[in-house]
Amino acid sequence: MTYVTAMIAFLQGVQWIDLILALQWLFLCYFICINAAYLTLNYISVFSIIGYMRAHRADYLPANLASYQPPVSILIPAYNEEGSIVSSVHSLLRLEYPEFEIVVINDGSTDNTLDEVIAAFGMVEFPEAYRRRIETAPVKKIYASSRYPRVRLIDKENGGKADTLNAGINCARYPLFCSIDADCILQPDSLNRVVRPFLEDPTMVAVGGVVRVLNGCTVRNGLMEKVGLPQNYLARCQLVEYLRAFLFGRLGWSPLNALLIISGAFGVFKKERVIAIGGYRSETVGEDMDLVVRLHRNLRREKRPYRITFVPDPICWTEVPTDLKSLKTQRMRWQRGLAESLAPNFAALFDRRGGTVSWLALPFMFTFELLGPVIEVLGYVIMIPLWLLGLIPLQSFLVFLFLSIGLGVLLSTNALFLEELSFQMYPRLGQQVKLFCIAILENFGYRQITSVWRFMAVIYWLFSSSRKSHWGEIARDGSWQRHSGSLEEDVLSGRDVPTVP
């Protein structure tokens, strides 16, 4: 009797058959529910983006809009970002916005980030009073630019990203602040568009914009010169992921006023509302989601009318990891941040005063985003051996594969459809064919390995919750950057450079 035959004979007991049937139905029902939820979000997103494009044409902003736009403080937390920080600040200096300031916060970088900013923008120490409305790590020095009046620099001791953003909020002069990552590039009209909801709705508290993949593009002197596809396979998979996450994930939750995530790479907030809840929480690496969840809970507790929304046309471009080590670090950090953001808000589940946040968004996040990778990995680990051993029928196994992989392909291709329906950043046929192929291929291998990393992050979080969260190390090559001529002359002259091909 072979080993396999012996195993089958051992598992023939009634109790094992019952367990196998229960597991089979558990996985099938779970994947039916998660894909039904995603398809519902996708359905809402299609109608949302059609309505938004009709009401806000992508190429139109009122000529007199500048007269009403509130001033904005742009906060850039930076830790070891010497390769991209200068280009990011130069892209911000070109923003078509009437009044804003740029505050770079150096969080005790161990590379030349501080020196790069000082040299590029002529920073000089400035005797500015530091109002500590939110407790942060000590601030060493505050600098002002001798050449660019909008630019300031804060040099502080290392305290993590949340602590760094809180220091920026303490120094911010204006009623709205926009947080962006140090490796991001904004298009000249991005700030106009992301602030617009604050003008349309006085109850608006926070607005998030779209984050797109910068790899494969060309940025010259801080301006997007050419939009292209990444050459790296991992970066292309992430491009499809970002389209899926923003164009139907967040766009689907926004009309329900149940948006729980505004990306730390690009979001605008009312400063006083953030200060009222104590700023960003330093105990989590998911400080962006944690802040939004606490805003929801606080405003509902106070019974204030409010809106937290997402708009699909303000674009922020960011460089994504191109090697497995950096990608693993990023995804595990994101999943741990999700867990650290959801755990303190467990009591908000099904709160009778919590509205769609408590009854839809938080249960979705707990059940599908936090536990999703755990169920998915266990599904593969259990269902595949059971099928190989002949303990479940082929039909059940094929249904499992369709639910776990086939509908994932459908969701990815739907995200490309929404992109074509709206902004058409990749208009050439060759680009569309490549993206369609990636939308299929990323469901075979790439998605499974990221699920394993997310599964590992949940396990690490459960058994090492006392470990302090910190910035993750992500390798960046900065190959998208180009420099020509005088950056200073180009910025100060307001020279027109095309932003899209």
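A: Start at Ile 74. Setting aside neighbours within four places in sequence, Ile 74 is in contact (heavy atoms within 4.5 Å) with Leu 92, Leu 95, Phe 100, Glu 101, Ile 102, Val 103, Cys 178, Ile 180 and Leu 191. The model is predicted: local features need pLDDT of at least 70 and side-chain atom pairs count only at pLDDT 80 or more, while totals for chains, interfaces and linings use all residues. Residues are numbered from 1 along each chain as its sequence is written, and side-chain values use heavy atoms, with hydrogens and water left out.

Ile 74 belongs to the largest nonpolar core, a set of 153 residues. Such a core joins buried Ala, Val, Leu, Ile, Met, Phe, Trp, Tyr and Cys residues through side-chain atoms within 4.5 Å. Buried means under 20% relative accessible area, exposed over 50%, and partly exposed in between, with a 1.4 Å probe and protein chains only. Ile 74, Ile 76, Leu 191, Phe 269 and Trp 317 have the most contacts inside this core.

Ser 179 sits in strand β6, residues 176-180. Helices (H or I, at least four residues) and strands (E, at least two) are DSSP runs, numbered from the N terminus. With 3% relative accessibility, Ser 179 is buried.

Now the cysteines. Cys 316 has a relative accessible area of 0%, so it counts as buried. Its closest cysteine sulfur belongs to Cys 184, at 3.5 Å, which is too far for a bond. A disulfide needs two cysteine sulfur atoms within 2.5 Å. The whole structure holds zero disulfides. Cys 217 is buried too, at 4% relative accessibility.

Step back to the chain. Of its 501 residues, 58% are buried. It has 16 helices and 13 strands. Among contacts with a separation of 6 or more, 81% join residues 24 or more positions apart.

Next, the helix pairs. Axes are lines fitted to C-alpha atoms, for helices over the stretch in contact, and angles run from 0 to 180 degrees between N-to-C directions. Angles under 35 degrees count as roughly parallel, over 145 as roughly antiparallel, 65 to 115 as roughly perpendicular and the rest as oblique.

Helices α7 (residues 233-253) and α10 (residues 324-342) pack at about 25 degrees, axes 11 Å apart. The two are therefore roughly parallel. Leu 234, Gln 238, Glu 241 and Tyr 242 of α7 meet Leu 324, Leu 327, Gln 330, Arg 331 and Trp 334 of α10. The crossing is left-handed: the near helix is turned anticlockwise from the far one by less than a right angle, and clockwise would be right-handed.

Helices α9 (residues 287-301) and α11 (residues 355-370) pack at about 155 degrees, with axes 10 Å apart. They are therefore roughly antiparallel. Met 289, His 296 and Arg 300 of α9 make the contact with Gly 355, Thr 356, Val 357 and Met 365 of α11. This crossing is left-handed.

Helices α12 (residues 372-388) and α15 (residues 446-463) pack at about 120 degrees, with axes 8 Å apart. That makes α12 and α15 oblique. Their crossing is left-handed. From α12 come Pro 373, Val 374, Glu 376, Val 377 and Tyr 380; from α15, Arg 447, Gln 448, Ser 451, Val 452, Arg 454, Phe 455 and Val 458.
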